[in-house]
Each structure stands twice: as structure tokens, then as C-alpha cells.
Amino acid sequence: MKKKILFALLAFMLVLTACGTTDNVNEASKGEQGKDSSDEIILRSMGPKTGAVAIYGKTTENGIKLAIDEINEAGGINGKKINYATGDDKGDSTEAMNLYSRYVEEGADGIIGAVTSKPSLAIAENSQEDNMPIITPTGTMNSITEGKPNVFRVCFTDPGQGVILANFASNNLKVKSAAVLRNTSSDYSNGVADAFIKQAKEKGIQVVADEGYGATDKDFKVQLTNIKSKNPEVILVPDYYENDVVIAKQVADLGINAKILGPDGWDGVLSTVAQGDDKILENCYFTNHYYVDDQKEVVKNFVTNYRKKYNEDPSAFSALGYDAVYVYKNAFENAKSLKHEDVIEALKNATIDGVTGSLKFDENNNPIKTSAILTIKNGQYVLDSFVE
């Protein structure tokens with residue numbers, strides 16, 4: 001009797017397990033089918049809305065929202081409206097991962113983010129198992145896309161900017177000597193600096209000093225005094241705008257006549273300099289992704305619409321966020337389905353004539369396009385040249 005009862009219980013449990021398995025398979029199947037039957041595309045983003053680099057997150061977000069509003073008002077993508085939401089990662093990798101996990105649970109069809117490099121790398125590394133399509137509009141660290149077929153970027157890499165700046169120093173400024181002042185605790189700063197030094201030497205530029213400072217340092221006069229004694233024609237300062245302004249002021253205070261070069265972290269520097277102090281930024285040059293007064297139709301329309309919506313000029317971060325959305329639009333329009341693997345395949349073949357240039361991706365999912373070199377004159381950003 002006990003054996004019969006035990007056998008009956010085992011049989012009942014097997015039936016329940018089979019039903020549960022079937023239900024799970026059916027639910028998974030429904031989820032995959034639902035990607036195409038849904039009347040919306042789920043797009044999510046993240047970036048710093050608070051904290052030290054909030055200006056980057058806020059201006060990038062403005063560009064993203066502008067593009068999404070334009071697309072939805074025009075009827076969406078293949079008749080599907082974009083369901084969009086964003087979150088504040090505070091420029092922190094852990095916060096970024098928390099947002100990423102939430103977006104996976106929400107069934108995101110793609111993610112734009114992060115804005116700064118370390119959070120971008122964190123979600124890129126953790127997205128492999130999910131095969132989640134990711135585009136960072138502004139994360140420049142080389143390793144973000146390396147070996148990650150599902151991760152793309154719209155901006156240049158750190159080493160790419162270093163090479164561009166060295167070429168500019170040699171070909172355009174015709175200099176023969178350079179110094180470097182880098183943030184040794186920053187992968188961004190080191191990535192630009194290392195590539196600059198290597199390319200500068202290949203171009204025949206003598207690098208007379210390579211000085212460093214820590215993440216919290218605000219007094220750079222010891223390093224700058226040493227640089228001054230070497231009399232370089234240019235100083236590379238690969239850092240973000242907050243440190244850039246302080247360094248530029250101390251360069252001026254010490255009477256150093258060298259021109260200052262920098263990567264895209266200099267963008268927005270005029271918004272942080274004290275009123276009347278913008279003269280310290282004269283003869284600074286930095287790589288950027290577009291020029292606000294470019295007369296190309298796509299740029300003029302973007303700038304006009306951005307000014308109307310936000311009552312300010314768009315930064316390069318705004319333009320990159322805007323272009324990231326239109327790269328997704330191109331991919332969603334041409335993908336076989338909204339399954340992640342199909343979207344990723346479409347992203348690899350995406351091409352757009354964007355605000356930041358005509359863009360397509362190389363074998364490492366990095367963009368192939370030109371760079372604008374901006375300088376600062378009379379408190380205004382001015383286009384100096386475009387550099388390959």
C-alpha cells in the first residue's frame with residue numbers, strides 16, 4: 001500500500017514538472033514572439049544626472065530626448081513608437097549595473113549608455129550573457145567595445161583622440177616639442193596621453209616632459225614649473241573640463257606660453273570658467289565630434305531644434321546622444337526582427353549621415369569618421385580644422 005501511494009505521488013510530481021516546463025517554454029516562446037508583435041520599441045539609457053560629471057549626462061540626455069521626440073512625432077519606427085526611460089548612474093559603475101539589470105527585466109530592445117567610460121565598460125562586460133544591444137554615445141575607453149560584438153560606440157576612442165592630436169600638432173601647428181600633463185588615476189587621461197606620445201614621436205615631435213597628478217589634486221604648479229623649464233611648444237592636458245580650467249589658469253599664472261591641446265573632455269569648458277577669465281583659454285585646442293556652426297543641413301536642423309527645445313547651444317555630447325538614437329533607428333528599420341541578435345547584426349551594417357559626421361562601424365564596432373578641432377577665441381568656440 002505504501003509503495004502504491006509513493007508511486008502515485010512520484011507520478012503526480014512528474015506531471016506537475018512537465019506542465020511547469022511546458023509553461024516556461026511557452027512563456028519564453030511568447031516573449032520572443034512578443035518582440036515582433038509588440039506595438040512599441042523599448043529603449044533605455046543611463047548617464048550621470050548628479051555628481052561631478054553631471055553636465056555630460058544632462059547634455060547627452062537632451063540630445064537623446066530630442067531625437068526620440070522627433071521620431072515618435074513622425075510616426076515611430078516601422079509604425080512602432082519608442083517607449084523610452086532613463087536613469088541616473090551618477091558616473092558610478094555599480095549604479096550603472098543596477099540600472100542595466102532593471103532594463104533587462106523591463107525587456108529592453110536596446111540600451112544607450114553609459115556616458116562616461118567606466119560605467120560604460122561595466123555594463124558592456126556584463127551584457128555578454130544577455131546579448132543586449134548597447135551603444136555608448138560618449139564612452140571613449142578602448143576596452144568598452146573590444147571583444148564585445150553586441151557593444152558599439154558613436155564617439156572616438158581615447159587612443160584615437162591621442163593620435164589625432166599628435167597629427168594636428170605636427171601637421172597643422174608644425175611644432176617640434178611637446179609636454180604632457182596627465183591624470184594618472186584616469187584611464188581616459190592615460191589612454192589619450194599614451195597614444196599621443198607614441199604618435200608624436202613617430203611624427204618627429206620631441207616629448208620633453210610627461211608629468212602626472214592624482215584624482216583629487218588641484219595644485220599643479222610643481223608639475224607645470226618643471227614643464228616650463230623644458231619650454232615645450234604645446235602641452236597635452238587630457239582630462240575633463242573641471243580640471244582643465246584649473247590647469248589652464250595655472251598655466252597662465254606661471255607665464256607659460258605653450259598652446260594647450262586636449263581631447264573631448266574639454267567640451268563645455270566655457271560654461272565652467274569664471275566670468276572674465278575666458279582669456280586663459282585662448283589658444284587651447286581640443287578634439288570634438290562636431291561644430292555648432294557647421295553649415296551642413298543635418299547640423300543646422302539639429303542646432304535649431306535643440307535651441308528651440310532647450311534654449312541653449314548643444315554640446316558635442318548632445319550631438320552624440322542624438323546620433324546614437326538615429327543609429328538605433330537605422331538598425332531597427334533594417335533588422336529582421338527585434339530579437340537581440342537581429343538588432344546587433346543590423347547595427348553592424350548601420351550607416352547614417354549624422355550630426356557628428358557620416359558614420360559606419362569598423363570591425364571593432366568603433367565609428368569611422370572625421371574629427372573637428374575646435375579652438376577658443378574671445379570666449380567662443382571656433383572651428384580650426386577637420387582631421388582624419
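Q: Which residue in S12 does Gly 354 stand opposite?

A: Gly 354 stands opposite Gly 357 in S12. This is a predicted model: local features need pLDDT of at least 70, side-chain atom pairs count only at pLDDT 80 or more, and totals for chains, interfaces and linings use all residues. Residues are numbered from 1 along each chain as its sequence is written, and side-chain values use heavy atoms, without hydrogens and water.

Q: What is a strand here, and when do two strands pair?

A: Strands of a sheet pair through backbone hydrogen bonds, either parallel or antiparallel. A strand is a DSSP run of E with at least two residues, numbered from the N terminus. A helix is a run of H or I with at least four. Two strands pair if DSSP finds at least two bridges between them.

Q: How many bridges join S11 to S12?

A: Four bridges join them, and the two strands run antiparallel. S12 covers residues 357-361. Thr 351 has Lys 360 in S12 as its bridge partner. S11 and S12 form a hairpin, with two residues between them.

Q: What is the strand order in the open sheet?

A: The order is S11-S12-S13, with antiparallel pairing. S11 (351-354) and S13 (367-368) are the edge strands, each pairing on one side only.

Q: Which residues make up the covered face of S11?

A: Ile 352 and Gly 354 form the covered face. Thr 351 and Asp 353 form the uncovered one.

Key. Buried < 20%, exposed > 50% of the residue type's maximum accessible area, 1.4 Å probe, protein only.
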